[in-house]
Amino acid sequence: LNQLTTLKRQISYRQGLIRTMNKEIKLMDRQIAENNDIIRALEKDLVSVKQEYARMLYYGFKNRNSYDKLVFVFSSRDFNQAQKRLKYLQQYSEYRREQVNLIMSTKVLISDKNETLEKKKEIKRSLMAAKNTEKAELENDKQDKNKVYTKLKGSESKLRADLESDKKTAKQLSTAIANIIAEEIRLAKLAAKNKEKF
């Protein structure tokens, strides 16, 4: 009975553990899905930024003769226009640098997110393996519980049969003792009668 109680407690504990693992696996699935969404969005942004940068480079290449920096600045009407053109060229160069930085930082972000995603997938794989182990152990515990229960039921039947047999033997013994006492009384009475006659 102690063994049966222990097994029942163990089964209950394992079932609770499996439920917790299922919740954790669902949480991992959610986090993996979110990471995938972020990676897809970042990759889309990267494509967009690269296309923008490519257009910029193509435009710069196409107009390289007419927009040579020095020609562009010195063909100004006055000093103010030259200053504005120089500022525009500086901003344009700065914008190109920003685009390159944005491409690089987006690539780093995607790489980081992919790394995080792989870690989460690894955690999920470990959880799944642990869950499967627990499920196998749970099945073993259930089988052990059934064996112990069957054994106890078998013992109960045998004990009941033994008890019935003992009751029958006790009854037979009681009857035999009663018969012996009755016979002794009869013989004693007979002996007393004979003594009187004698």
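Student: On what basis are the features reported?

Tutor: In this predicted model, local features need pLDDT of at least 70 and side-chain atom pairs count only at pLDDT 80 or more, while totals for chains, interfaces and linings use all residues. Residues are numbered from 1 along each chain as its sequence is written, and side-chain values use heavy atoms, with hydrogens and water left out.

Student: Which residues form the largest nonpolar core?

Tutor: In soluble globular proteins, nonpolar side chains tend to be buried together. A nonpolar core is a set of buried Ala, Val, Leu, Ile, Met, Phe, Trp, Tyr and Cys residues joined through side-chain atoms within 4.5 Å; buried means under 20% relative accessible area, exposed over 50%, and partly exposed in between (1.4 Å probe, protein chains only). Here the largest has nine residues: Ile32, Ile39, Leu42, Leu46, Val49, Tyr53, Ile103, Ile110 and Leu117. Helices are DSSP runs (H or I, at least four residues), numbered from the N terminus.

Student: Is Asp141 buried or exposed?

Tutor: Asp141, in helix 3, has a relative accessible area of 5%, so it is buried. A polar contact is a pair of N or O atoms within 3.5 Å; within protein, one must be able to donate a hydrogen and the other to accept it, and residues adjacent in sequence count only if both atoms are side-chain atoms. The Asp141 side chain makes such contacts with the side chains of Gln10 (3.3 Å) and Arg14 (2.7 Å).

Definitions and conventions
Helices (H or I, at least four residues) and strands (E, at least two) are DSSP runs, numbered from the N terminus.
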